[in-house]
Amino acid sequence: MNDVMEQKIRAVLKNTAQKHQTISYRMLAIEAEIPGPQIIHKLTRKLEDIMRTDHSSGALSLAPLAVSRGEPAIPRSGFFILLRELGLYDGPDQGDEAIKKHDALREEIYSAFTTP
């Protein structure tokens, strides 16, 4: 079941990247058909697994496209904590530095999904 869940999450994220958009955790969970209860918790755990897998394989992770519904629309603290664990970021979980890091990751993804 976990492999199917991951495939669905990745498919929704790829579609989101192709549109040069972000997606809220809730909408991602719904579109990827994450079963309840605790769909957001299950989703964020799977996103962390995806980020670790992508990082270890050197692949561009689309996980940064999943964001909270609040303002600013960036991932939650756990995302930035994991970036630090992976050695990809050394800033705070919130604020301007976190927003700039997320913007850079998002633009990298959009660039990879721009057709020449």
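# Core, pockets and salt bridges of a predicted model

Leaving aside neighbours within four places in sequence, Leu 28 is in contact (heavy atoms within 4.5 Å) with Ile 9, Val 12, Leu 13, Ile 23, Leu 43, Leu 47 and Ala 66. This is a predicted model, so local features need pLDDT of at least 70 and side-chain atom pairs count only at pLDDT 80 or more, while totals for chains, interfaces and linings use all residues. Residues are numbered from 1 along each chain as its sequence is written, and side-chain values use heavy atoms, with hydrogens and water left out.

**Nonpolar core**

- The largest nonpolar core has 31 residues, of which Ile 9, Leu 13, Leu 28 and Leu 47 touch the most other members.
- Helix 1, helix 2, helix 3, helix 4 and helix 5 each supply at least two residues of this core.
- A nonpolar core is a set of buried Ala, Val, Leu, Ile, Met, Phe, Trp, Tyr and Cys residues joined through side-chain atoms within 4.5 Å.
- Buried means under 20% relative accessible area, exposed means over 50%, and partly exposed lies in between (1.4 Å probe, protein chains only).
- Helices (H or I, at least four residues) and strands (E, at least two) are DSSP runs, numbered from the N terminus.

**Largest pocket**

- The largest pocket holds about 330 Å³ of space.
- Its lining has 18 residues, and the closest to the pocket centre are Tyr 25, Ile 40, Thr 44, Leu 47 and Arg 76.
- Two or more lining residues come from each of helix 2 (25–31), helix 3 (39–57), strand 2 (66–67) and helix 4 (77–85).
- Helix 3 gives the largest share of this lining, six residues.
- By class, the lining has nine nonpolar, four polar and five charged residues.
- Here Ala, Val, Leu, Ile, Met, Phe, Trp, Tyr, Cys and Pro count as nonpolar, Asp, Glu, Lys and Arg as charged, and the others, Gly among them, as polar.
- On a 1 Å grid over the protein atoms alone, a pocket is an open set of points where a 1.4 Å probe fits, with protein on both sides within 12 Å along at least five of seven lines; lining residues have an atom within 4 Å of a point.
- Grid points are joined across faces, edges and corners, and a volume is the space filled by probe spheres set on the points.

**Second largest pocket**

- The second largest pocket has a volume of about 240 Å³.
- Of its 16 lining residues, Ala 59, Ser 61, Leu 83, Leu 88 and Leu 105 are the closest to the centre.
- Helix 3, helix 4 and helix 5 (96–112) each give two or more residues to this lining.
- Helix 5 supplies the largest share, four residues.
- The lining divides into 10 nonpolar, three polar and three charged residues.

**Salt bridges**

- Side chains of opposite charge can pair when their charged atoms come close.
- The structure holds nine salt bridges, each a side-chain nitrogen of Lys or Arg within 4 Å of a carboxyl oxygen of Asp or Glu.
- Lys 8 pairs with Glu 33, and the closest N and O atoms are 2.6 Å apart.
- This pair links distant parts of the chain, 25 residues apart: Lys 8 is in helix 1 (residues 2–18), and Glu 33 is in the loop between helix 2 and helix 3.
- Lys 8 is partly exposed at 31% relative accessible area, whereas Glu 33 is exposed at 53%.
- Arg 52 and Glu 85 meet in a salt bridge of 3.6 Å, N to O.
- Arg 52 lies in helix 3 and Glu 85 in helix 4, so this pair ties together parts that are 33 residues apart in sequence.
- Arg 52 is partly exposed at 35%, and Glu 85 is exposed at 55%.
- Arg 84 forms a salt bridge with Asp 93, with the closest N and O atoms 2.7 Å apart.
- Arg 84 is partly exposed at 32%, and Asp 93 is partly exposed at 22%.

**Backbone features**

- Most residues other than glycine have a negative phi, and most peptide bonds are trans.
- A cis peptide bond joins Gly 36 and Pro 37, with omega about -5°.
- Pro 37 sits in the loop between helix 2 and helix 3.
- The peptide bond from Glu 71 to Pro 72 is also cis, with omega near 0°.
- Pro 72 sits in the loop between strand 2 and helix 4.
- Glu 33 is not a glycine, yet has a positive phi of about 55°.
- Gln 38 is not a glycine either, and has a positive phi of about 60°.
- Gln 38 is in the loop between helix 2 and helix 3 and is exposed at 58% relative accessibility.
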